[in-house]
Amino acid sequence: MAKASREFLYGLNPAFEVLRAGKRRVFAAHLNEGMRSNSRVKKLVGLLERTEVEIEWTDKGRLMQLSGSRDHQGVVLKTSLYPYVDFAELLGVPRMLLLDNVEDPHNVGAILRSAEVFGFTSVCLPKKGVPEVYPSVVKVSTGATEFMKICRNDSANGYARKAAEAGYRIAALDMAGKSTLQEVAAAKHDKLLLVIGGEDRSVGQFILNMAEDVIGIQQQGRVNSLNASVAAGIAMFALGQSS
């Protein structure tokens, strides 16, 4: 079956960011009739009119049908698919991010939101084992995806190998890691690939074996693990500062 060439993004923040970034074609905007007087919707309508996007006022049921979500906030955009880039276009930046076995779209979106804030805007998503940049991922990222370079054309191991060949130091987050964020940050590496694993399956053994730094986040509480996106945010904050 051929893959669709259009998708429906939803949420107020993502809509603003999609239009601001200009990365995708926006074919139409479907807005909740009952929100015509909402100040943010009015602002969005002004932006849609300036970019000459067709507007259709409709009801909540239609918006839920289009988006497949109750979390549409009265806004659904019909757009082109996410424009992935080739891995080669990511090379050269001081900080890159690789997600390995992060299976939950909510975690992917949350990690990408933090990544955009802390300067890890070049991101490798494996072809298998990690969700694509689905509308739900865009929504959780609050539209941060639109300001990032994301590739999705290799395996996690393939990305790590290519990054190492290009002079990147590989640092992987793992609960059993012996390196600390403070040590890695203090080393001020020119080029660093940070690898984040999932909650059910962590970073794969191949990458753990090749990583120069396997980083464990020191914890003082009684709960034994951090959510993957929270751990990723802590690591990116610490390592983004050293770039």
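Start by selecting arginine 25, which at 58% relative accessibility counts as exposed (over 50% relative accessible area is exposed, under 20% buried and in between partly exposed, with a 1.4 Å probe and protein chains only). This is a predicted model, in which local features need pLDDT of at least 70 and side-chain atom pairs count only at pLDDT 80 or more, while totals for chains, interfaces and linings use all residues. Residues are numbered from 1 along each chain as its sequence is written, and side-chain values use heavy atoms, with hydrogens and water left out.

Arginine 25 is in the loop between helix H1 (12-21) and strand S2 (26-32); helices (H or I, at least four residues) and strands (E, at least two) are DSSP runs numbered from the N terminus. Leaving aside neighbours within four places in sequence, show Lys78, Thr79 and Ser80, which are in contact with arginine 25 (heavy atoms within 4.5 Å). Leucine 81 is 56 residues from arginine 25 in sequence, with 8.5 Å between the C-alpha atoms.

Next, the aromatic rings. The structure holds 3 aromatic pairs; rings of Phe, Tyr and Trp (its six-membered ring) pair if their centres lie within 6.5 Å, and planes under 30 degrees apart count as stacked, over 60 as edge-to-face and the rest as tilted. Select tyrosine 82 and tyrosine 84: their ring centres are 5.2 Å apart and the planes stand at 65°, so this pair is edge-to-face. Tyrosine 82 is buried at 6% relative accessibility, whereas tyrosine 84 is partly exposed at 29%.

Move to phenylalanine 87 and tyrosine 159, a tilted pair with 5.6 Å centre to centre and 40° between the planes. Phenylalanine 87 lies in the loop between strand S4 (75-80) and strand S5 (95-100), and tyrosine 159 in helix H6 (residues 156-165), so the pair ties together parts 72 residues apart in sequence. Both phenylalanine 87 and tyrosine 159 are buried.

Two charged side chains come next. The charged end of arginine 36 sits over the ring of tryptophan 57, 4.2 Å from the ring centre (NZ of Lys or CZ of Arg within 6 Å of the centre and within 35 degrees of the ring normal). Lysine 43 likewise has its charged end over the ring of phenylalanine 16, at 5.9 Å from the centre.

Finish at serine 179, in the loop between strand S8 (169-173) and helix H7 (181-186). Serine 179 is buried, with a relative accessible area of 16%. Not counting residues up to four places away in sequence, serine 179 touches Val184, Asp213, Val214, Ile215 and Gly216.
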